[in-house]
Amino acid sequence: MTCAALARSAGGRRPCGEGASRETTGEVAPRPVDYGDAGGAPSGATPGLRRGFGFRQMTQGPVRDTADGPAAARPAPPTTAAGPRAPGDDRSNTAIITRTKPRTKRPSLYRVLLLNDDYTPMEFVVLVVERFFNKTHETAYQIMMHVHQNGVGECGVFTYEVAETKVSQVIDFARQHQHPLQCTLEKA
């Protein structure tokens, strides 16, 4: 029977929801259980009868008395892989599972270096730095001047695969334009 049908038969009272009693809705009231005993036996239970631990009692739902008495509705005592438990045994069925998060290691970084030579034009070095290392014209010019004055200059710091790709791109581009520009990488 739905809530609306119950409301019509109850004379307008709302049997489902606010102010509803368990008798009108047909629900079974859970039986209060006293967990004062260490073994987990309810206070009104037959002496010597144990149902298990308190957690197991809480998960069983309402306890209903049957014609055979309250003990007939109760499940058997819990068992483990080692066999049935004896009363008073405090081993639990729970195991602690810890989850370890895999920690990824940060990749090694490598510096991409341009080497000075006497034959490659300065404008070509600026073009290479702008094109392959995404630098502005001013920054590329500063890097080129550093290479020209000190013999070596850093164009960027990258992971190994990216650095290796940039070195090969610079060398191939220089060879296509017939310049002896050298580019290397070293661990940062």
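Biologist: How many bridges join S3 to S4?

Modeller: Seven, and the two strands run antiparallel. This is a predicted model, in which local features need pLDDT of at least 70 and side-chain atom pairs count only at pLDDT 80 or more, while totals for chains, interfaces and linings use all residues. Residue numbers start from 1 along each chain as its sequence is written, and side-chain values use heavy atoms, with hydrogens and water left out.

Biologist: Which residue in S4 is the bridge partner of Leu113?

Modeller: Glu154. Another bridge between a residue and its partner in S4 is that of Leu109 with Thr159.

Biologist: And in what sense do S3 and S5 pair?

Modeller: Antiparallel, over six bridges. One of the residue pairs is Leu114 with Cys183, the latter in S5. Two strands count as paired if DSSP finds at least two bridges between them.

Biologist: In what order do the three strands stand in the sheet?

Modeller: S4-S3-S5, in an open sheet with antiparallel pairing. On average, neighbouring strands are turned by 30° against each other, direction ignored.

Biologist: Which helix lies across S3, S4 and S5?

Modeller: Helix H6, residues 160–176, running at about 170° to S5. Axes are lines fitted to C-alpha atoms, for helices over the stretch in contact, and the angles run from 0 to 180 degrees between N-to-C directions.

Biologist: Different topic. How many salt bridges does the structure hold?

Modeller: Two. A salt bridge here is a side-chain nitrogen of Lys or Arg within 4 Å of a carboxyl oxygen of Asp or Glu. In one, Glu154 pairs with Arg111, and the closest N and O atoms are 2.6 Å apart. That pair links distant parts of the chain, with Glu154 in S4 (residues 152–159) and Arg111 in S3 (residues 109–115), 43 residues apart.

Biologist: What else does Arg111 form a salt bridge with?

Modeller: Glu186, where the closest N and O atoms are 2.7 Å apart. This pair also links distant parts of the chain, from Arg111 in S3 to Glu186 in S5 (residues 182–187), 75 residues apart. Through shared partners, the salt bridges join Arg111, Glu154 and Glu186 into one network.

Biologist: What is the relative accessible area of Arg111?

Modeller: It is 26%, so Arg111 is partly exposed. Glu154 is at 35% and counts as partly exposed, and Glu186 is partly exposed at 32%. Buried means under 20% relative accessible area, exposed means over 50%, and partly exposed is in between (1.4 Å probe, protein chains only).

Biologist: Now Phe133. Buried or exposed?

Modeller: Phe133 is buried, with a relative accessible area of 5%. Phe133 lies in helix H4.

Biologist: What is Phe133 in contact with?

Modeller: Leaving aside neighbours within four places in sequence, Phe133 is in contact with Val112, Val128, Cys155, Phe158, Lys166 and Val170. Contact means heavy atoms within 4.5 Å. As for Val157, its C-alpha is 10.0 Å from that of Phe133, and the two are 24 residues apart in sequence.

Biologist: Where does Thr120 lie?

Modeller: In the loop between S3 and helix H4 (122–133). Thr120 counts as buried, at 12% relative accessibility. Not counting residues up to four places away in sequence, Thr120 touches Val125, His179, Pro180 and Leu181. A polar atom of the Thr120 side chain lies 3.5 Å from the backbone nitrogen of Leu181.

Biologist: Last topic, the whole chain. How many helices and strands does the secondary structure come to?

Modeller: Six helices and five strands. Helices (H or I, at least four residues) and strands (E, at least two) are DSSP runs, numbered from the N terminus. Along the sequence the pattern is α-α-α-β-β-β-α-α-β-α-β.

Biologist: What share of the residues count as buried?

Modeller: 26% of the 188 residues of the protein chain. Among contacts with a separation of 6 or more, 56% are accounted for by residues 24 or more positions apart.

Terms used:
A polar contact is a pair of N or O atoms within 3.5 Å; within protein, one must be able to donate a hydrogen and the other to accept it, and residues adjacent in sequence count only if both atoms are side-chain atoms.
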